[in-house]
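Open the model in your viewer and keep the selection panel at hand. The stops below go from the whole chain to its parts.

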Amino acid sequence: MRERQLRARDMLRGDLEGEELERYVEEKVVMTSFEKVLGWARSNSIFPLTFGLACCAIEAPISIVTARYDLARFGAEALRASPRQADMIILSGRVSIKMAPVVRRLYDQMLEPKWVMAMGACSSSAGMFSNYAVVQGADKFMPVDIYVPGCPPRPEAVLYGFTKLQRKIQGNPDPGWRQRYNALGSEEWARGGPRSEPGPGDREAYERVRELTGA
Ligand code: SF4
C-alpha cells in the first residue's frame, strides 16, 4: 500500500519516466466502450418485480432474497411492488389461462429494457399440467429471455439463471425478436403516450394482442 502511494506521488510529481511510466499507466488505466459500461451497469442494477404464481414462488423471489442465497450480491435486491418501477419479471409457477392476460399486462407496464425469466417446468412448458386450464409455456404469449428448468428449481439454479441473464444483458442483445410478440416498449408507448409515438401499425398490433389475450 505504502509502495503504491509512493509511486502515485512520483507519477504526480512527474518523476516517473519511460518504461516505468508506461507500466504505471498500463496498470492503472482501463479502456472500454460506453456500451460495455452501460451493459455492465444495467446487468448489475436489475429491479425485479415482486411477483409469484405458484409453488415455485417459494423458491424465488422468496428464497433468493434471504440471507442464505442473497440476491443482493448481484445488485438485484430492490424488488419492486409496481411493474412501472421494475425491469425484470420472474414467472415462478404455472400460468393459468385466466392469469395470462394479467401477466402480459404486468409485462407491458414494465420499463424498457425489460427481461423475463421463466422459472420452473410449469412456466417454461406447463410441466406436468398438460391440460386446458394451463398455458403450455409462457412464450406462447410473451417473450422469455431465459428459462430455468426444475420442479421447482433450486434457488442456486435460479441464481445461476440470473447470472446467465446478466451476461446476456452485458452483451447488449437486440430486442428486435420481441416484435413478433408485439412486446417492444411499455404500455404507454404502445398506446401512444405523451412522450413517444408508436411506429406505423404498432397500435393495431398491440390491440390485436390485447384481444387475443383478453387483457
Ligand atoms: S414447476 Fe413444480 S414447483 Fe414450480 S410451479 Fe410447477 S409444479 Fe410447482
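Predicted model: local features only at pLDDT ≥ 70, side-chain atom pairs only at ≥ 80, totals over all residues.

Residues are numbered from 1 along each chain as its sequence is written.

Start with the chain coloured by secondary structure. Nine helices and three strands make it up (DSSP runs, H or I of at least four residues for helices and E of at least two for strands, numbered from the N terminus). Their order along the sequence is α-α-α-α-β-α-β-α-β-α-α-α.

Next, select residues 2-13, helix α1. Its 12 residues reach 17 Å from first C-alpha to last, close to the 16 Å expected at 1.5 Å a residue (1.5 Å times one less than the number of residues). The count of buried residues in α1 is zero; buried means 20 or more other C-beta atoms, placed from the backbone, within 10 Å of a residue's own. Gly-14 follows α1, with a positive phi near 85°.

Now select Ile-89, Leu-91, Val-95, Val-116, Met-117 and Met-119, which have the most contacts inside the largest nonpolar core, a set of 42 residues. Such a core joins buried Ala, Val, Leu, Ile, Met, Phe, Trp, Tyr and Cys residues through C-beta atoms within 7 Å. Elements that each supply at least two of its residues include β1 (88-92), β2 (115-119) and α7 (155-170).

Finish with the ligand. Among the residues around it are Cys-55, Cys-56, Arg-94, Cys-122 and Cys-151 (C-beta, placed from the backbone, within 6 Å).

Technical notes
Buried ≥ 20, exposed ≤ 12 C-beta atoms within 10 Å, placed from the backbone.
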